[in-house]
Structures are given as C-alpha cells and as structure tokens.
Amino acid sequence: MRKSERSAAKGELLLRCHLCPHLCELRKGDFGRCGVRQNMDGAIRLPFAGHVATIALDPIEKKPLYHYMPGHQVLSLGFLGCNLACRFCQNWTISQSVKEAPSSPPKALSALELVGLLDQYAATGCVGVAYTYSEPVVWYEYLMELGTAVKEAGYHNILVTNGFINARPWKDLLGVIDAVNVDVKGFTEAFYQDVCDGSLEPVVRNVEAAVTAGLHVEVTYLVIPGGTDDPATFLAFAKWLRSLDPNIALHLNRYYPNYRMSVPPTPKKTLLKLKEKAMQELNNVYLGNIWVPGASDSYCSNCGQRLVRREGYRTQNEGLTALGNCKRCKTESGIILRRNPRKGER
Ligand code: SF4
C-alpha cells in the first residue's frame with residue numbers, strides 16, 4: 001500500500017490514509033471515518049490490531065458462498081468498524097460500534113493462535129477462515145498478517161466485504177484471498193452517497209478486478225423497498241454481472257428494518273420478481289434471509305438437473321461429480337468442491 005502522505009494545513013501536520021476512497025486526512029490522534037485507523041506516532045496505525053470482535057464456526061453457506069467448498073465449515077472472524085455507514089446495516093452493533101455504541105471487549109488473536117484454532121477444528125470439516133460480519137478491509141495490515149499465515153498453513157482465506165477499497169491495496173489483498181463475496185449495496189451513485197456514505201464506482205472496479213484475477217467471486221445484493229428494488233436499475237446490475245461471468249452466483253437478500261432504516265421488510269413477491277428478472281441474465285440466482293422452497297438450490301445451466309439441494313445452511317450434493325460437473329450432462333457447474341489453497345489454484 002502507498003505510504004500515508006504528510007501535508008501541512010493551517011500549520012498542522014496531517015496524514016492521509018490511502019487505503020479506501022475516503023482518503024481521510026487525519027490530525028495527530030484522529031481516527032478515520034472507519035473508526036479504527038488512527039494518526040498515531042507519525043503514521044496511520046491500527047491501535048487495536050491483534051484483536052477481533054467475534055470468533056465463530058459457521059457453515060460456509062452462511063457467508064454466503066454457495067459455489068465454494070459447499071458443506072464445509074469456516075472459522076468466522078468479525079472486526080469492529082466499517083468505512084461505510086449504511087443506514088440499513090444488519091451488523092451495526094459491531095460495524096458502527098467504535099463510532100457510536102458500546103461494544104463487547106475485543107478478543108486477542110495472533111496469526112499463530114489462528115492457525116492453531118484451524119488445526120484444532122480441521123477434523124470438524126473446517127477448511128479456513130472467513131473475514132466477515134462488518135468490514136474487514138479497514139484492518140488491512142492485520143488481515144494481511146493473518147491471511148498470509150493461514151495460506152501458508154494450507155487453509156482457505158475467504159473475504160466478505162463491501163469492496164470499498166482503493167485499487168492497489170485491493171490487488172495486494174487478493175493475493176492472499178481464495179474466495180470473496182462482495183456486498184454490492186445498490187447500483188446507483190446516488191444510493192451509495194445518500195444511504196451508505198460511499199460511492200459505487202470503486203466497488204464496481206474491484207469486483208471486475210477480482211473476476212479478472214481469477215478469484216472465486218460471489219455477489220450479494222440486499223433488496224430494499226424503495227431503495228434498491230427499481231426493476232430497471234436492477235436489470236442494469238444483472239447485465240453488468242453477466243458481462244463479467246453469467247455463472248457468477250448472485251445472492252438476493254431480503255431486507256429487514258435495522259439501525260437507521262425502518263421501512264417494512266421486502267415483500268416476498270418483490271424478491272421472486274427480481275430473481276426471475278436476474279435469471280434472464282444469470283445462471284445462478286439465490287434468495288437469502290427468506291425461506292422459499294427450491295430458491296436456494298443449484299441447477300445445471302444446461303439440462304436443469306438439480307446439483308445441490310439447500311435447506312437453511314444444510315447442503316446435499318444431488319447431481320455433481322467429484323470434479324464439480326453435472327452428473328447427467330457433464331456440463332461444468334462452476335461449483336468448487338475442493339481446492340488446495342497452498343498451490344494457489346484458481
Ligand atoms: S480506511 Fe479508514 S482511515 Fe483510511 S481512508 Fe478509509 S475510512 Fe479513512
């Protein structure tokens with residue numbers, strides 16, 4: 001990452017953080033908009049690095065990742081803070097906690113301890129770590145340290161992110177990440193600016209960069225009534241994803257009121273309508289945060305054979321060969337059943 005730069009304004013020495021598009025200019029002692037990076041001792045630092053907010057063993061489907069190592073577990077690490085301020089945030093108690101709410105005390109976790117936990121849980125089907133819950137990328141240096149140790153130990157690194165980070169650190173981060181889910185909050189600049197305190201363009205660029213780099217990429221989109229459910233905008237979003245890869249897995253999630261947004265939950269019929277629209281462009285569109293029989297299952301794009309059945313976070317391989325092809329017509333599904341992260345396979 002480019003070094004933080006110094007500038008003098010009103011006679012005061014400011015440091016600029018180049019990690020995300022906010023490019024915060026910080027006076028001595030100031031924290032950035034993410035609430036975790038600070039101008040400290042003449043550099044931008046993470047005063048609480050070495051600590052995580054939560055640790056939990058989760059099904060990989062919960063991230064959500066449906067096309068990567070289905071049926072396995074990952075050790076989820078949650079971090080305080082976020083560089084966006086989405087009014088509908090479902091994880092605001094940790095993402096915004098450093099800014100405005102009390103939080104539970106962070107837990108110390110070194111890279112060595114993390115690898116020790118992975119060794120301990122490997123027998124239960126745990127294949128790696130998911131950096132998740134709020135926004136991991138603002139912990140960039142700590143993330144790189146953990147991710148490098150995890151990869152060297154032969155485990156998978158999974159990133160669940162808003163994708164709001166500058167191009168250079170994103171490129172470097174992708175070097176240690178095996179699979180990513182990017183939460184695209186909406187598909188207009190106005191929505192990002194008015195509701196999320198961010199911008200869309202860097203997110204679009206970063207999803208494209210991850211696909212180009214050959215990473216396993218899935219995308220989440222929260223359908224908010226009156227916010228992100230406009231059919232024309234949604235169609236443009238689906239067409240953009242198609243231009244990247246028609247097999248990309250898109251998770252359409254139901255919104256529930258939370259944090260600073262109180263509009264009622266997304267109607268089921270809106271989700272079904274948008275799913276149908278997206279399926280005109282994409283082969284794999286799933287509904288989340290709502291139970292609709294069959295809406296979370298994977299089907300062969302060629303012959304329609306059900307490949308994976310999902311109920312809640314339980315998965316059952318019904319129609320995949322060991323190589324991830326359709327058992328009936330042998331078409332490649334794009335679902336990765338196994339991979340050795342140590343070999344850096346893409
Ligand atoms: S990562 Fe944090 S400190 Fe750095 S520019 Fe973004 S919001 Fe500001």
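Colleague: In strand 11, which residue is the bridge partner of Val129?

Modeller: In this predicted model, strand 10 covers residues 126-132 and strand 11 covers residues 156-161, and the two run parallel with four bridges joining them. Within that pairing, the residue of strand 11 that is bridged to Val129 is Asn157.

Colleague: In what order do the strands of the open sheet of eight strands stand, and which are its edge strands?

Modeller: The eight strands form an open sheet whose pairing is mixed, and their order is 7-8-10-11-12-13-14-15. Neighbouring strands in this sheet are turned against each other by 20° on average, with direction ignored. The strands that pair on one side only, and that are therefore called edge strands, are strand 7 (54-59) and strand 15 (284-288).

Colleague: Which strands of the sheet does helix 9 touch, and what angle does its direction make with that of strand 14?

Modeller: Helix 9, residues 268-279, packs on the sheet, where it touches strand 13 (216-223), strand 14 (249-254) and strand 15. Taking the direction of helix 9 against that of strand 14, the angle is about 165°.

Colleague: Which residues make the contact of helix 8 with helix 9, and how do they divide by class?

Modeller: Helix 8 passes helix 9 in a right-handed crossing. The contact is made by Pro231, Phe234, Leu235 and Ala238 of helix 8, together with Leu274, Lys277 and Ala278 of helix 9. By class, these residues are six nonpolar, no polar and one charged.

Colleague: How do helix 3 and helix 4 pack, and what is the hand of their crossing?

Modeller: Helix 3, residues 111-121, and helix 4, residues 140-152, pack with their axes 9 Å apart and at an angle of about 40°. That angle is why helix 3 is described as oblique to helix 4. As for the hand, the crossing of helix 3 and helix 4 is right-handed.

Colleague: Which residues are in the contact of helix 3 with helix 4, and how many of them are charged?

Modeller: From helix 3 the contact takes Ala111, Leu114, Val115 and Leu118, and from helix 4 it takes Glu145, Leu146, Ala149 and Val150. The residues of this contact divide into seven nonpolar and no polar, so that the count of charged residues is one.

Colleague: In the open sheet of three strands, which strands stand at the edges?

Modeller: This sheet has the order 16-17-18 with antiparallel pairing. Two bridges join strand 16 (residues 298-299) to strand 17 (residues 306-311), and four bridges join strand 17 to strand 18 (residues 314-317). Each edge strand has a single partner strand, so one side of each is left without a neighbour in the sheet, and these are strand 16 and strand 18.

Colleague: Which residues are the bridge partners of Val308 in this sheet?

Modeller: Val308 belongs to strand 17, where it is the bridge partner of Ser298. In strand 18, the residue bridged to Val308 is Asn317.

Colleague: Which residue has a positive phi although it is not a glycine, and where is it found?

Modeller: The loop in question lies between strand 4 (38-40) and strand 5 (43-45). The residue found there has a positive phi of about 50° although it is not a glycine, and it is Asp41.

Colleague: Which residues surround the ligand, and how many of them are charged?

Modeller: The shell is made up of Cys17, Leu19, Cys20, His22, Leu23, Cys24, Gly32, Arg33, Cys34, Arg37, Asn83 and Val138. By class, the shell has seven nonpolar and three polar residues, and the number of charged ones is two.

Terms used. Residues are numbered from 1 along each chain as its sequence is written. This is a predicted model: local features need pLDDT of at least 70, side-chain atom pairs count only at pLDDT 80 or more; totals for chains, interfaces and linings use all residues. Axes are lines fitted to C-alpha atoms, for helices over the stretch in contact, and angles run from 0 to 180 degrees between N-to-C directions. Angles under 35 degrees count as roughly parallel, over 145 as roughly antiparallel, 65 to 115 as roughly perpendicular and the rest as oblique. A crossing is left-handed if the near helix is turned anticlockwise from the far one by less than a right angle, and right-handed if clockwise. Two residues are in contact if their C-beta atoms, placed from the backbone, lie within 7 Å. Two strands pair if DSSP finds at least two bridges between them. A residue is near a molecule or strand if its C-beta atom, placed from the backbone, lies within 6 Å of it.
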